[in-house]
Structures are given as structure tokens and as C-alpha cells.
Amino acid sequence: MIFITLEHISAHVSFSLTFVITLIYWGTLIYKSEKLSNSGGKGMIVTCICITGVLVSRSLYSGHLPLSNLYESFMFLSWTSSMIHIVIQLRGQYAWWLGAITAPSAMLTHGFATLGLPDKMQESAMLVPALQSHWLMMHVSMILLSYATLLCGSLSSISLLVIASQINQKIFLNVKNYFFFNKNWYSHDQEKKELKHTFYLSLRNYRKWVFTNQLDQLSYRTIGLGFSLLTIGILSGAVWANEAWGSYWSWDPKETWALITWILFAIYLHTRINRGWKGQKPAIVASLGFILVWTCYLGVDLLGIGLHSYGWLL
């Protein structure tokens, strides 16, 4: 009973923290403040500790690793998002804007688990026979870790595309205005104002260009890690499937979409490593991966078909 109470308290505290931290990091995008960024980073550490308390408490009173249903997997996904933030922050990289990606990810996954799912689906239950295996920790944890890192990389690519489109639009408008003012022979004072305005916008565009390069590097590194984790998860799942069902691969909907997701991110890494693509082209591929990851993770389960339907929505 005490573990259940501790779980509920930790869940409510951690969700409240993720909501406040999300607002803090979104505020740093408008008003860059080192104090706000530092407070958000400390808040993410406290949030990670609280979610760890949720998972540990649930593990203690259920008697198994808390990765057996949709609620537990979403909580683990939220915990992973906060851990990704902490690890990257400790490396001293992308500190002030990283939380604008990781904090909303942690908040939305946490909120869906605690507020979006009915109480019955949040209750811990006995493991079905197929899940009573030592492969549960290896396979499911690797898959969920890969989902979190791939989603973080994909969101970075989506942010890159949004910012890059704004830069391209402003450059086009600046060039158009330059030719317009020269053609119509505006006064010297007006021309100075336009040149000053153009210089200011060019400086802002340069900062955004640096920002997009950072997003590109973050996306590349996190997707590289997520791809490795997904590979391990698929291989361990194949071994587990052979033990449980007698075949390594059965073209189950979950397996099929996992393979499609793996192929897409393999294409992304191929274009980066062998083709030398950078910036918007590989970002488009990674953005498609955002849809595929959610389709594989949640979309297939909504259909309630296949060998992976138990322990989730049905």
C-alpha cells in the first residue's frame, strides 16, 4: 500500500514539474536567460528522480519490471526523455534550448499516461506467460530507449526545417526589398535605414544558421544512438520470439513497422555518412521517421491485432 501511495505522489509531482519546466524552456526561446536555463536543468533532474520513484515503486509492488503495459511504457518513455536531457546537459552542449524539445516530450508522454489513460489501464497486472522471460528487460527497454532517442532526433530535425524555412523566407524578402529600393531611387537616409535593417536581419539569420547547425548535429548523434538501440531491440526480440513462438520472424504488424522504421533511419544515416548530406535534406528523412516511430509504437497497438497486442491496449 505504501508503494502505491508513493507511486501516485511521485507521478503527480513529476507531471507538475514537467509542465513548469516546459514553460521555463519555452520562455528561454523568447528571453534567453542563463538563470532560467539552469533552473530548468535542475528541475529536469528532480523530475527524473520522481519518475524513477514511480518506476521503482511500481516494480516493488508488482514484482516485475514496469514495462508490461501502455501506462508503464509511457512512463518509461518520459523517464528516458528526462535522462537524455540530463546526459546531454552534463556534456555542456545545447543547454539553453535543448529543454524546449525534451521537456515537452517528457510532459506529453507523462500526461498521456497519467491523464489520458483510464484508471483500469494504469493498474499493474500479472504478466502473461509470453512476457515472463528474462528477455523482457533486454528487448522492451532497448526498444523504448530507441524510441525516445529517435523521437528526440526527429524533433530536432523538424525544428531545423521550421527555422531554415524562416531564414530562407527572410533572405528572399531582403533581396527583393534591396532591388525594389534601388530601382525606385530612394533617398540616402532611407537607403541607410534599409541597409541597417538588412544588416540586423543578416545577423539574426546568422545566429539562426548556427542554431540549425547545432540542431543538425544533435539530430545526427541522437538518431545514430537510437538506431543502434533499435537494432539491438529488434535482434533481441527475434531471439525472444523464437523462444516464445518458435520462429525468429513472423511478419507481425509490430515487427513489420519496426523493420520499416529501421530501414528509414538506415537511409538517413547512409545519406549522412556515405553521401555527406547535411541540413535540410536528411532532416526531411528524419522528420518522416517521427511519424513512423509513433505508428510503430502506438498506432499498431490501437488496431489491437498481432502477437504484440497483449499488455497494451487490449
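How many aromatic pairs does the count come to? The count comes to eight aromatic pairs, where rings of Phe, Tyr and Trp (its six-membered ring) pair if their centres lie within 6.5 Å, with planes under 30 degrees apart counted as stacked, over 60 as edge-to-face and the rest as tilted. The model is predicted: local features need pLDDT of at least 70, side-chain atom pairs count only at pLDDT 80 or more, and totals for chains, interfaces and linings use all residues. Residues are numbered from 1 along each chain as its sequence is written, and side-chain values use heavy atoms, leaving out hydrogens and water.

**View 1. Phe74 and Phe112 form a tilted pair.** Their ring centres are 4.7 Å apart, with the planes at 45°. Phe74 belongs to helix 3 (residues 70-90) and Phe112 to helix 4 (residues 95-116); helices are DSSP runs of H or I, at least four residues, numbered from the N terminus. Phe74 is buried at 2% relative accessibility, whereas Phe112 is partly exposed at 31% (buried is under 20% relative accessible area, exposed over 50%, partly exposed in between, with a 1.4 Å probe and protein chains only).

**View 2. Phe74 and Trp294 form a stacked pair.** The centres lie 6.2 Å apart and the planes are at 25°. Trp294 is in helix 9 (residues 280-303), so the pair ties together parts 220 residues apart in sequence. Phe74, Phe112, Tyr147, Trp294 and Tyr297 form one aromatic cluster.

**View 3. Phe211 is buried in helix 7 (residues 188-245).** Its relative accessible area is 16%. Leaving aside neighbours within four places in sequence, Phe211 is in contact (heavy atoms within 4.5 Å) with Trp97 and Ile163.

Terms used. Helices (H or I, at least four residues) and strands (E, at least two) are DSSP runs, numbered from the N terminus.
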